[in-house]
Amino acid sequence: MSVYLHDIPLSQAQARLRDALQEADLWRMLGMEEIPLDENALRRVTAEPIWAEISSPHYHASAMDGFAVRAVETSGAQPSSPVTLYTGPQAQYVDTGDPLPEWANAVIPIENVESLDVEGEITSAIRQPAAIRIRASVPPWAHVRPMGEDIVATQLVLPAGHILKPVDLGAIAAAGHQSIRVARKPKVAILPTGTELVPIGAKLKAGDILEYNSLVLASQVKQMGGEATRYPITKDDFDLICQHVAEAAQTHDIVLLNAGSSAGAEDFSSKVVEKLGTLLVHGVAVRPGHPVILGMIDRGQQTMVDGQSSMVPIVGVPGYPVSAALTVDIFVEPVIARWLGRRPLELPTETAILTRKIVSPAGDDDFVRVVVGKVGEKLLAAPLSRGAGVITSLVQADGLALIPSGTQGMEAGEKIQVRLYRNRTEIEKTILAIGSHDLTLDLIAQFLAEHDRRLASANVGSQGGLIALKRGEAHMAGSHLLDPKDGSYNISSIRQYMPGIPVKVVALVGRDQGLIVRKGNPKGIKSLVDLAGSSGVGSVQFVNRQRGAGTRVLLDYHLNLLSISPDSIMGYNQEEYTHLGVAAAVASGRADCGLGVAAAAQALDLDFIPLFQERYDLVIPKPFADNDLLAPLFDLLADSRFRGAVSQLKGYDVSMMGTVILEDG
């Protein structure tokens, strides 16, 4: 049974908030202000239509440096029978932008005339001749900007509700304005709560959580056109939270109360809203962001100014970073849009093909972060980590896909609508890598950015990468699959999982694999033998890589050689998807050790026990290997700066980097 007051569909939650705002006369533009016409007006929203007060240009202007003439007097001019016009009565020199004499209706560019002196000879005083000779006629209004060519006085320059761009400011100035009436910026109070929170820059101890949600939320509000106030952290004290919310409501249009929206012992947000006003919603069938709170609080009649409503909306924003950011996008952005009098921001939407299966709760609208790439003629979406606390999944995401309620997930290969964070040009310059995780992929992404390419990667393991290549769902895959029969890497697996598909296999790095252990190796672990329950070391909590990962294949191969049963290893089925994930599990104390690369141990200041050396390759289907999209990647493998950067990673060997291991015809 739900622990929330009401667990309602997203559309109903949005409707309740909208109805409450309408009842409080807040579903409208909040107000307007007049501001100077300068660069600070950029991205403000027009509060009313802007009409031209003057024409632009407001006179007939020359569009070229040359001579103003009457078009009729140039009639008959030809290369073989030129026409001579005398300056003063028939021709007058004008610079670009000069007004035309009242008698003139055309301009001949200076490069199309021969300037003559009083004797009819060519003169060097090209702008002050006695006469000009022309060898071609000009039609009326040639090279002239007639009055009102750009803007005619009284015409509409911009409508109300328009977000001002740089060129708009120029058009408004050209139309004769010195100031603009724009929508007042909504004032948004952001109150982080939680005794466990500490500010950015604080020295962390176990149990401390860095408070950066308010930074993210304030930046979102600013991007939406609002004005955010970040309040200091409030500890978990009901009366204190009530006091701070009530104070914020006095001077702000909406309050975002961050954290404390769930149903734990110290989750006070719903009780705060009930005390100060009306609780509209507690719990929305949306993931991430399930425990959202929506309400209205009353700041009291004494605070009302100029008919301003006494009611203030409040949103209880979940504490997990991804949930918090999406809650603001879903619930706050439409409100700010209405208050500014503009349309809600809409991301461009494309249909993409899902690269792997997604399981979704049937009763929730499920927002899934994805990386997107165009592979051949297909636009593909690869799901990223779905944890509500994984803010980097939003950083890495190219878009957001919605799995609507009533759907229990989607299968790989199904079409899905993706709201893109990036434009189509960026997507088409994206190299999509699906496969084994390696730290060098991050370096590749960094260096490729210098060559007008993006690397987007999804970590599914070596085997999963080869399967993705077979289905045409990636440009390349990192792989280090060991063949137990002969000790070679990748070739047999490529033939098994990609039969009949020609590939190019290029060595990326040699790397050390070994056991990542805590600093000082408190368990005294020396080898894989110490992982078994029967070893003399005592119980060792292990963390493994996921099925299909090359590291797991390597582990299983050596366990078999040592006749160690996986069942004897505590934590064998506890899985992570990256080497850094394994290292983080060890650093946090969740595991005593895990198999991974030395660089991951170095990154988190852990100890490393080297056990094996292996080769990590890039597997690329031939059509993509020969494509211009990947050309900068191959150049990179020979780049001394890149090779030097990889060499700085502990346990990496670049001697074979760029070597072609296999190239099918």
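I started with strand E8, residues 113–116, in this predicted model. I found that E8 pairs with E9 in the antiparallel sense, over 4 bridges. For a residue-level check I took Val113, which stands opposite Ile134 in E9.

Next I followed E9 to its pairing with E5. Strand E9 covers residues 131–134, and strand E5 covers residues 83–86. I noted 4 bridges between E5 and E9, and the two run antiparallel. Thr84 has Arg133 in E9 as its bridge partner.

I kept one general point beside these entries: strands of a sheet pair through backbone hydrogen bonds, either parallel or antiparallel.

Then I turned to the open sheet of 3 strands. I read its order as E6-E4-E7, with antiparallel pairing. Strand E6 (91–94) and strand E7 (106–109) are the edge strands, and each pairs on one side only. From one strand to the next, the twist averages 35°. I looked up E4 as well: this strand spans residues 66–69 and is joined to E6 by 4 bridges, running antiparallel. Within that pair, Phe67 stands opposite Tyr93 in E6.

How many cavities of 30 Å³ or more does the structure hold? I found 1. About 30 Å³ of space lies in the largest cavity. Which residues line the largest cavity? I listed Arg43, Arg44, Val45, Ala183, Lys185, Gly225 and Leu340. I sorted this lining by type: 3 residues are nonpolar, 1 is polar and 3 are charged.

Terms used. Residues numbered from 1 in each chain as written. Predicted model: local features only at pLDDT ≥ 70, side-chain atom pairs only at ≥ 80, totals over all residues. Heavy atoms only, no water. 1 Å grid on protein atoms, 1.4 Å probe; cavity = no way out; pocket = protein on both sides within 12 Å on 5 of 7 lines; lining within 4 Å. Points joined across faces, edges and corners; volume = space filled by probe spheres on them. Nonpolar A, V, L, I, M, F, W, Y, C, P; charged D, E, K, R; others polar. Pairing = 2+ DSSP bridges. Axes fitted to C-alpha atoms, helices over the stretch in contact; angles between N-to-C directions.
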